Amino acid sequence: MALEKIITSSSDLKKNTTASFDPGAEGNWDIVIGPTNPLFNFQFKEIWSYRDLLRMFIRRDFAAQYKQTILGPLWHLIQPLLTTLFFYVVFSRIAKISTDGLPPVLFYLSGITCWNFFSSIFTGCSNIFVQNAWLFSKVYFPRLIMPIGNAIGALLRFGIQLLLLLPFFMYYSFNGYDFSIGWSILLLPVAILMMSLIGLSMGIIISSLTVKYRDMTIIVGFATQLLMFATPIVYPSSMIDSESLRFWIMLNPLTSVVELFRFASLGVGTVSIAGTMYSFAFMVIALIVGLILFNRTQLTAQDKV
Amino acid sequence: MITIKVEQLSKQYMIGEQSTGFLFHDMNRWWHRIQGKDDPYLKISDLNDRTIRKTSGYVWALRDINFEVNQGEVLGIVGSNGAGKSTLLKILSRITAPTSGTVKMKGRVASLLEVGTGFHPELTGRENIFMKGTILGMRTQEVKRHFDEIVEFAGVQKYIDTPVKKYSSGMYVRLAFSVAAHISADILIIDEVLAVGDNEFQQKCIDKMKSVSTEQGKTVLFVSHNMKTIQDLCSSVITLRNGELDRSNIYYKPLIAV
């Protein structure tokens, strides 16, 4: 009998809970904890009040990365350079894949930089709950701080790697290569923003699923590798001649963003308004879905990890 | 003034190994929800008595908890292992959400649920004070203002620039408590962490909690197995037994008006 009473009272309570979000209801409560939270309440105001914590997390991640390394931040530059060398040998010299008329080194370097940026946001965000269980199970703070900090950290590393393009850019300019960059450079922030938000949204969607189904961690591991080949990183999308194949490659929302990035930074790329709009729409929907899922998952994530 | 109001709070936990069977439970739950029915698994779960083997796979860690706490009160929470004390504190600290029921609170909450909470082993004591302060919702400026007080209370001046991984567990808890006690929160939630500290420090913490409640009007929730400490410190006490409030065992010492 007692059990039935609780069940009825819990459904009664749902009515009460919704009523108590009205500030005039009874007293001004600063914190109301219930079984669920409003669907579209993303606590942006609260996150803003925790901005100092955000800054600390970013600084900590940055500092902790170089502890006990000899080359320290240099690794950020060595890694893309070595990958470029290998891509150049394998895809340009051996497989003879076109690079859209761009110097191969610049083509690969910009592609790798761009892909590293996306994949570090995506994989970083996709494991938020499991990785931070030690912290999340002890203290409260808006959990969204973590993916945001992760994305900003990746943005900083991306900025450093982007500078690496400059010497190559200058070298090729001096040697008579004519880069057709003008106003298109203004599209660079757009491409970067879309890249980071798509990575963040997909990451937080996966992170919410990983809490319960640990299979996701395994999927993410190889999916990012495969996804790179479904994105025009080692080949330009102008090279795809099969109409049906082009459709599938364009279905990948990253395709247009990568081409946009390449067009903005190197002046060559297959950019279409329809493709960009598609990626933009994908980003908006994924972001909303991701925020809702993340918001719901954070409530009881600590019981499951 | 009431600062914490807990109404019909219940928390259900899944026990045993999590496996593919739960995918079926999830789908069944979702199917009930789109039909507008109640969660089928809320009906089958057991009372949380850890000595009796049950088979349903769900237990009530807390069931129908109701209580209120006034401002400036020190509420002791007692009960044996597995009675639901830590679950209650976790819900109050917003670590996890209840299955049903609500908690309403006024002001800022700081909780100390385990030794070293929010401490990063590689960072020094100084860096960790800032880290932990901001985790508890303070701005960097505020931490700076209270920094000397915090270090002095903890008594770890000598080790302040040493990574905390080299601290002893006593030093850990000294620093952790000190940060929590000095931040400008209105409600302090302290789980059984003081047991690690030595007698002198435990006494110091108890005195500190007394003074923040009587002088600064902060509300303190305190879990302990040490009845002497509870008697010494708390103005009221609730007892949990198998996840339910033991009504025969509510001790209430009326507060002198704050």
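Is Asp61(A) buried, exposed or partly exposed? In the predicted model, Asp61(A) is partly exposed, its relative accessible area being 40%. The side chain of Asp61(A) meets that of Arg60(A) in a salt bridge, with an N to O distance of 3.5 Å.

The interface between the two chains was examined next. Chain B and chain A bury about 4600 Å² between them, and 59% of this area lies on carbon and sulfur atoms. To the contact, chain B contributes 56 residues and chain A contributes 47 residues. Of the area that chain B buries against chain A, 16% is supplied by Arg94(B), Ile95(B) and Ile135(B), which is more than any other three residues provide. Polar contacts between chain B and chain A number 11 residue pairs, both residues of each pair being at pLDDT 80 or more. On the side of chain B that touches chain A, the elements that give two or more residues are β1 (2-14), α1 (21-34), β3 (58-70), α2 (85-92), β5, β6 and α3 of chain B. The most is given by β1(B), with 8 residues. By residue class, this side of chain B divides into 20 nonpolar, 19 polar and 17 charged residues.

The two chains are also joined through strand pairing, in that strand β1 (residues 31-33) of chain A and β5(B) pair in the antiparallel sense over 3 bridges. Within this arrangement, Ile31(A) stands opposite Met105(B), a residue of β5(B).

Side chains of opposite charge can pair when their charged atoms come close. Over all chains the count of salt bridges comes to 14, and 3 salt bridges are found across the interface of chain B and chain A. In one salt bridge, the side chains of Arg139(B) and Asp52(A) meet at an N to O distance of 2.9 Å. Arg139(B) lies in the loop between α3 (125-135) and α4 (140-154) of chain B, whereas Asp52(A) lies in helix α3 (residues 51-66) of chain A, so the pair joins two chains.

Within chain B, Arg108(B) forms a salt bridge with Glu142(B), the closest N and O atoms being separated by 3.5 Å. This pair links distant parts of the chain, since Arg108(B) is placed in the loop between β5 (100-105) and β6 (109-112) of chain B and Glu142(B) in helix α4 of chain B, 34 residues apart. Arg108(B) counts as partly exposed at 30% relative accessibility, whereas Glu142(B) is buried, with a relative accessible area of 14%. Elsewhere, salt bridges that share partners join Asp52(A), Arg55(A) and Arg139(B) into one network.

Strand β6 of chain B contains Ala110(B), which counts as buried at 0% relative accessibility. When neighbours within four places in sequence are left aside, the residues in contact with Ala110(B) are Leu136(B), Ile183(B), Ala185(B), Ile187(B), Leu188(B) and Ile189(B). The C-alpha atom of Ala110(B) is separated by 18 Å from that of Glu68(B), a residue 42 places away along the chain.

Note on methods:
Residues are numbered from 1 along each chain as its sequence is written. Chains are lettered from A and ligands numbered from 1 in the order in which they are written. This is a predicted model: local features need pLDDT of at least 70, side-chain atom pairs count only at pLDDT 80 or more; totals for chains, interfaces and linings use all residues. Side-chain values use heavy atoms; hydrogens and water are left out. A salt bridge is a side-chain nitrogen of Lys or Arg within 4 Å of a carboxyl oxygen of Asp or Glu. Helices (H or I, at least four residues) and strands (E, at least two) are DSSP runs, numbered from the N terminus. Buried means under 20% relative accessible area, exposed over 50%, partly exposed in between (1.4 Å probe, protein chains only). Contact means heavy atoms within 4.5 Å. Buried area is the accessible area (1.4 Å probe) that two parts lose on being put together, summed over both. A polar contact is a pair of N or O atoms within 3.5 Å; within protein, one must be able to donate a hydrogen and the other to accept it, and residues adjacent in sequence count only if both atoms are side-chain atoms. Ala, Val, Leu, Ile, Met, Phe, Trp, Tyr, Cys and Pro count as nonpolar, Asp, Glu, Lys and Arg as charged, and the others, Gly among them, as polar. Two strands pair if DSSP finds at least two bridges between them.
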